[in-house]
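Thanks, everyone; I would like to walk through one model today, starting with strand pairing and then turning to the nonpolar cores. Please bring it up on the screen.

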Amino acid sequence: MFDKANYSRDSLRVDTVHDNRHALPDLDTARESIPYTFHVPELGIAGLTYTWVSHKGEAGAAMALFGPGIGAQPVAQYLADRPVPNDMDFANWHIEGFQMKQDLAFQKAEIRWQGDDVLLEFRFEGSHPPYAYSSHADGCPAYAAHDRIEQSGRCQGKIVIAGNETRFDGMAHRDHSWGTRDWNAFQHYNWFHGQTADGQIAIHYLRCLALGREIIRGYIFKDNTLAEIVSVNSNVHYDDRLIQQQLYTRIVDDLGRSITAEADFYAHHSMNASPTWQLREGAASARFDGQQGLAWVECGWPISYLDSVAPAA
């Protein structure tokens, strides 16, 4: 698929062993997680699945479908933590009605969620090589994870709600992190990923404010070449509830390539990652140097901050 892709430097290559489950340190903040996001704007639908496992071998999962095509209220379901076998890996990860099968080669995956009156299933296919935060000269921030991997792609699948079936073919993204996660270390972040409609350009970045510093990690995949981002000049427009509405960002990579992305958000969903931290998902139509595409921005906020400045959200 992308075996012949090029890299701005060889150290950007990621070993396929990291597509599977990892040993975690015996720390309360140690966890491993994999979310998948997808959206189909012509249907007015965005969705995600999210699974995690702690250092104690306790795992859970969540699913959400939202946007105008779903209705005023999202379809959101949650599977609470419970012990899972130590030898269960991501080739066939299953928790009640949730199943995730990764090929352990960063190429393909299958996701299925069978819940109360809802079925979501899709196949994911990566459109470029994965990128690891550890490839950055300063590594992956320890409060975020030991390492974190990002990859965009496409997905095909179906949604069945109350017996009504909708098939979709859209853009998707996944990440995979393992190690320690200290939500309280973050002050704010934007987690961005987007692709052009033809899949020839894909971008991801995390722009994070933590411990009084700005941290940037990410990549541009363009002209069949993966390169690391060196700067992000971003401006997100929010409403008075701090819900993202528009975005303008200019990204430059270590090959000197620059791309300007503009996005208009059409679907939103919020969920709490911890008792102190809220994630606000936003799916958007986008333009990359004028080329049509899609984008997704997750804005992370301390709940105490939101309660103070946007209590009606």
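How many bridges join strand 17 to strand 18? There are seven, and the two strands, the latter spanning residues 258–274, run antiparallel. Before I go on, this is a predicted model, in which local features need pLDDT of at least 70 and side-chain atom pairs count only at pLDDT 80 or more, while totals for chains, interfaces and linings use all residues. Residues are numbered from 1 along each chain as its sequence is written, and side-chain values use heavy atoms, with hydrogens and water left out.

Strands here are DSSP runs of E, at least two residues, numbered from the N terminus, and two of them pair if DSSP finds at least two bridges between them. Within this pair, Leu247 has Ala263 of strand 18 as its bridge partner, and the hairpin has four residues between the strands, with Gly256 in the turn at a positive phi of about 85 degrees.

On its other pairing, strand 17 (residues 244–253) meets strand 16 (residues 225–238) in the antiparallel sense over nine bridges, where Ser231 is partnered with Val252. That hairpin has five residues between the strands, and Leu242 takes a positive phi near 65 degrees.

Now the cores, meaning sets of buried Ala, Val, Leu, Ile, Met, Phe, Trp, Tyr and Cys residues joined through side-chain atoms within 4.5 Å, where buried is under 20% relative accessible area with a 1.4 Å probe, protein chains only. The largest has 34 residues, and Tyr143 and Trp296 are among those with the most contacts inside it. A second, separate core of 31 residues includes Ile95 and Phe98.

Note on methods:
Buried means under 20% relative accessible area, exposed over 50%, partly exposed in between (1.4 Å probe, protein chains only).
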